[in-house]
Amino acid sequence: ASGAPPAATSNSGGAGGNFLSASLYIGDLLPDVNEGLLYEIFNAVGPVASIRVCRDAVTRRSLGYAYVNYHNAADAERALDSMNFTDIKGKACRIMWSQRDPSVRRSGVGNIFVKNLQENIDNKQ
């Protein structure tokens, strides 16, 4: 189970309450995966607000990860649940919630990703 999307605090002067994140981190992408391909794949789940493939500032080569932003958290959660470890151009992608609130990122709470496990170990073990 993916759990609930991380809550982010509104910056509306304290009276705004919370909203749910609709931003996903997409990792383990091949260098030739671009925004157009990701849009085709992720827009099939629900309307995508924006996509950004992160690139080296000098060479403009892909760094192997991207952010997909949905208009609503339910679509993002459906994408996470249904598309994590889906093959994109022959390589399984890794999807996690993107934490945009810097105070939460600095809190020490986060995800751990372990690579190079034996092939008989899957995401259920």
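**Strands, core and surface**

Leucine 24 has valine 68 in β5 as its bridge partner; helices (H or I, at least four residues) and strands (E, at least two) are DSSP runs, numbered from the N terminus. The model is predicted, with local features needing pLDDT of at least 70 and side-chain atom pairs counting only at pLDDT 80 or more, while totals for chains, interfaces and linings use all residues. Residues are numbered from 1 along each chain as its sequence is written, and side-chain values use heavy atoms, with hydrogens and water left out.

β3 and β5 run antiparallel and are joined by four bridges, where pairing requires that DSSP find at least two bridges between two strands. β5 also pairs with β4 in the antiparallel sense, over six bridges. Here isoleucine 51 stands opposite valine 68. Six residues lie between the strands of the β4 and β5 hairpin, in which arginine 60 takes a positive phi near 65 degrees.

The largest nonpolar core has 22 residues, and Leu24 and Leu29 are among those with the most contacts inside it. Such a core is a set of buried Ala, Val, Leu, Ile, Met, Phe, Trp, Tyr and Cys residues joined through side-chain atoms within 4.5 Å. α2 gives the most to this core, with four residues. Leucine 29 touches Leu38, Gly64, Tyr65, Ala66, Ile88 and Cys93, not counting residues up to four places away in sequence (contact: heavy atoms within 4.5 Å).

Leucine 117 lies in the segment after α3 (102-105). Leucine 117 counts as partly exposed because its relative accessibility is 47%, between buried (under 20% relative accessible area) and exposed (over 50%), with a 1.4 Å probe and protein chains only.
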